[in-house]
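Open the model in your viewer and keep the selection panel at hand.

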Amino acid sequence: MADALTGPSGPPPKRIFSRTNIMLYGTLLVVSIYYLLPLYVMVVTSLKGMPEIRLGNIFAPPLEVTFEPWVKAWSEACTGINCDGLSRGFWNSVKILVPSCALSIAVASVNGYALARWKFKGSELFFSILIVGAFIPYQTMLYPLVIILRELGLMGKLGGLVLVHTVFGMPILTLLFRNYFAGIPEDLFKAARVDGAGFWGIYFRIMLPMSLPIFVVALILQVTGIWNDFLFGVIYTKPATYPMTVQLNNIVNSVQGIKEYNVNMAATLLTGGVPLILYFISGKLFVRGIAAGAVKG
Amino acid sequence: MNSVEIRELDLSFGTVNVLAGLNLDIAQGEFLVLLGSSGCGKSTLLNCIAGLLDVSAGQIFIQGKNVTWAQPSERGIGMVFQSYALYPQMTVEGNLSFGLKNQRMDKEEIKKRVSKASEILQIESLLKRKPAALSGGQRQRVAIGRALVRDVDVFLFDEPLSNLDAKLRTDLRVELKLLHRKLGNTMIYVTHDQVEAMTLADRIAVMKDGVIQQLGDPNTIYSKPTNKYVADFIGSPSMNFFKGPVENGAMQINNESVSLAKYDFHKPYNGLAWLGIRPEHVRSGSDANDCDFNATVVVDLVEPMGADTLVWSTLQDNPFRFRVEGQTDIKQGDKISIGFEIERTSLFDIDTEIRL
């Protein structure tokens with residue numbers, strides 16, 4: 001019977017160098033080179049000494065690898081009269097980032113939970129107003145905020161910047177959490193109420209354990225947003241409390257002395273490293289965080 | 001004392017009245033089924049009894065206590081949901097004890113109750129598992145267990161079997177009935193499945209548009225439906241209906257005058273009426289000869305179902321269905337004589353559709 005099977009049978013043949021594959025992978029290759037080339041130049045330049053940079057071969061790999069520029073960027077580069085490098089800005093940024101993230105996520109998740117599951121009179125209006133807040137350009141609020149912070153005695157202090165970041169994170173984070181909690185089956189919420197759990201009981205013991213993925217998303221949004229922020233940092237702090245981005249700008253745009261391209265590149269890579277590392281770690285967390293069979297199925 | 005009493009209950013969402021002036025008394029230990037198609041307000045009523053919805057007007061009493069303003073957890077009710085609603089991050093044991101922990105019950109007592117409930121439901125071997133690792137039937141048992149451990153007076157079921165496959169549904173239905181017999185609690189059960197309603201209920205409340213159409217034991221609902229809606233809703237395949245004039249104790253059906261002497265009228269009636277006859281009450285072949293009504297019909301379609309066969313035909317320009325025995329050689333196009341007894345029929349007013 002074996003020879004009875006004539007004509008196409010089994011899986012269709014696959015050609016590796018088909019037209020589709022060449023187009024697909026060709027495009028991907030070109031796009032990745034386009035985006036990775038600047039990064040390559042930065043890394044390479046940051047590992048060269050100044051004499052080598054002056055030769056002008058920006059694409060050439062370093063002949064002599066040196067970590068001097070990295071050390072200098074971290075602990076010796078000068079901004080104005082301070083010559084302790086980016087390290088101060090890094091720790092300032094950490095001091096801003098941690099409380100801002102914790103506070104904004106904590107408040108926004110409770111907001112979202114209340115707006116999704118404990119509707120009160122006017123809750124929809126409240127939510128709409130909050131969302132409108134996301135569409136107003138930050139720039140229009142800069143000066144009013146200066147006055148508010150001054151009156152609160154927080155102008156130029158880290159606490160002031162934390163407050164600003166928390167408030168500005170509220171619209172988008174609340175929207176995020178509300179929609180996520182609204183997607184958790186209502187029956188679960190009802191069952192918990194029948195079981196005698198209250199507002200906080202349901203939040204902490206039912207909703208929170210089911211919401212790791214959305215907390216990771218919120219964390220990524222906030223960490224990248226706050227870490228990369230320049231505008232608020234330069235306006236609401238003073239030189240001693242400048243976050244890393246502001247300090248980076250001051251190092252790179254320094255007009256005195258010679259332009260140390262290698263130090264500038266190293267400083268930029270250091271500053272951009274934090275969000276980059278977060279992206280790499282969170283990919284794994286994402287997969288692990290997706291909750292298993294909540295209701296049926 | 002009644003277990004649950006509902007007095008003049010209103011519920012409206014904005015301008016939409018879902019329930020209006022609803023009264024219902026449920027006796028101690030009764031199994032009451034709220035039956036209706038989707039959107040009839042049966043689940044809404046259950047949610048009101050549970051305290052998950054605030055009522056717009058009226059009162060609810062459970063075990064003689066006015067619980068209209070009480071929280072769900074204070075009402076002495078346990079609830080089982082269609083989607084099971086098990087807490088996914090907790091083990092079965094955690095699911096069962098969650099409500100008890102919220103009451104700050106003593107650990108020993110919690111343990112005792114969990115083991116007792118899991119023994120009744122035969123889920124002892126599953127206690128350490130998470131819901132994701134359970135089958136549909138096992139999950140539903142855990143959901144029942146969660147109500148069971150709380151030792152409540154009234155169980156509320158919101159279509160608990162609707163998510164299960166057909167075979168499991170039949171098995172669990174029997175188990176639920178046995179459980180009710182064993183526990184003797186009052187149970188209120190919402191479903192759109194009339195078979196569940198007929199098999200489980202002590203009394204059925206058929207609902208439509210937020211109004212209870214008929215409240216009675218399954219037998220009465222089946223054989224003496226109070227209006228055309230109930231008659232049509234109960235029974236599968238549903239009742240055959242014919243329009244005809246009733247005059248001087250006789251009705252014109254299929255150009256034939258049929259005496260209604262054997263029909264149990266509430267009061268004498270003259271005028272147009274609906275006559276309803278269930279497919280299973282139609283006789284066919286030689287059995288049909290000495291019935292009150294006789295006719296010959298042409299077979300349009302035959303649906304064999306194993307135990308019996310459903311035959312579709314046309315009578316007085318209306319589709320007419322009747323049941324014959326399973327092993328039959330009736331074919332499409334056959335001419336067949338049918339008949340039925342008047343005492344098996346239901347007559348309804350043509351306008352109000354209320355039983356005559």
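How many nonpolar, polar and charged residues does the lining of the second largest pocket have? By class, the lining has twelve nonpolar, five polar and one charged residues. Here Ala, Val, Leu, Ile, Met, Phe, Trp, Tyr, Cys and Pro count as nonpolar, Asp, Glu, Lys and Arg as charged, and the others, Gly among them, as polar.

Before going on, two notes. This is a predicted model, in which local features need pLDDT of at least 70 and side-chain atom pairs count only at pLDDT 80 or more, while totals for chains, interfaces and linings use all residues. Residues are numbered from 1 along each chain as its sequence is written, chains are lettered from A and ligands numbered from 1 in the order written, and side-chain values use heavy atoms, without hydrogens or water.

**Stop 1: the second largest pocket**

Select A:Tyr138, A:Val167, A:Phe168, A:Gly169 and A:Pro171. Of the 18 lining residues, these lie nearest the pocket centre. The pocket holds about 420 Å³ of space. A pocket is an open set of points on a 1 Å grid over the protein atoms alone, where a 1.4 Å probe fits, with protein on both sides within 12 Å along at least five of seven lines; lining residues have an atom within 4 Å of a point. Its volume is the space filled by probe spheres set on the points.

Now colour H7(A), which gives the largest share of this lining, seven residues. Helix H10 (212-228) of chain A also supplies at least two. Helices (H or I, at least four residues) and strands (E, at least two) are DSSP runs, numbered from the N terminus.

**Stop 2: the largest pocket**

Move to A:Lys119, A:Glu186, B:Leu52, B:Leu53 and B:Asp54. Of the 19 residues that line the largest pocket, these are the closest to its centre. About 530 Å³ of space lies here. H8(A) gives the most to the lining, four residues. The lining divides into nine nonpolar, three polar and seven charged residues.

**Stop 3: where the chains meet**

Show both chains. The contact (heavy atoms within 4.5 Å) takes 28 residues from chain B and 20 residues from chain A. Nine residue pairs, both at pLDDT 80 or more, are in polar contact between the chains. That term means a pair of N or O atoms within 3.5 Å, one able to donate a hydrogen and the other to accept it; residues adjacent in sequence count only if both atoms are side-chain atoms. On the side of chain B that touches chain A, the largest share, four residues, comes from H2(B).

**Stop 4: two backbone spots**

Zoom to B:Ser236 and B:Pro237. The peptide bond between them is cis, with omega near -5°. B:Pro237 lies in the loop between helix H8 (228-233) and strand E11 (240-247) of chain B.

Last, pick B:Gln63. Its phi is near 50°, a positive value in a residue other than glycine. B:Gln63 sits in the loop between strand E4 (57-62) and strand E5 (65-66) of chain B. Most residues other than glycine have a negative phi, and most peptide bonds are trans.
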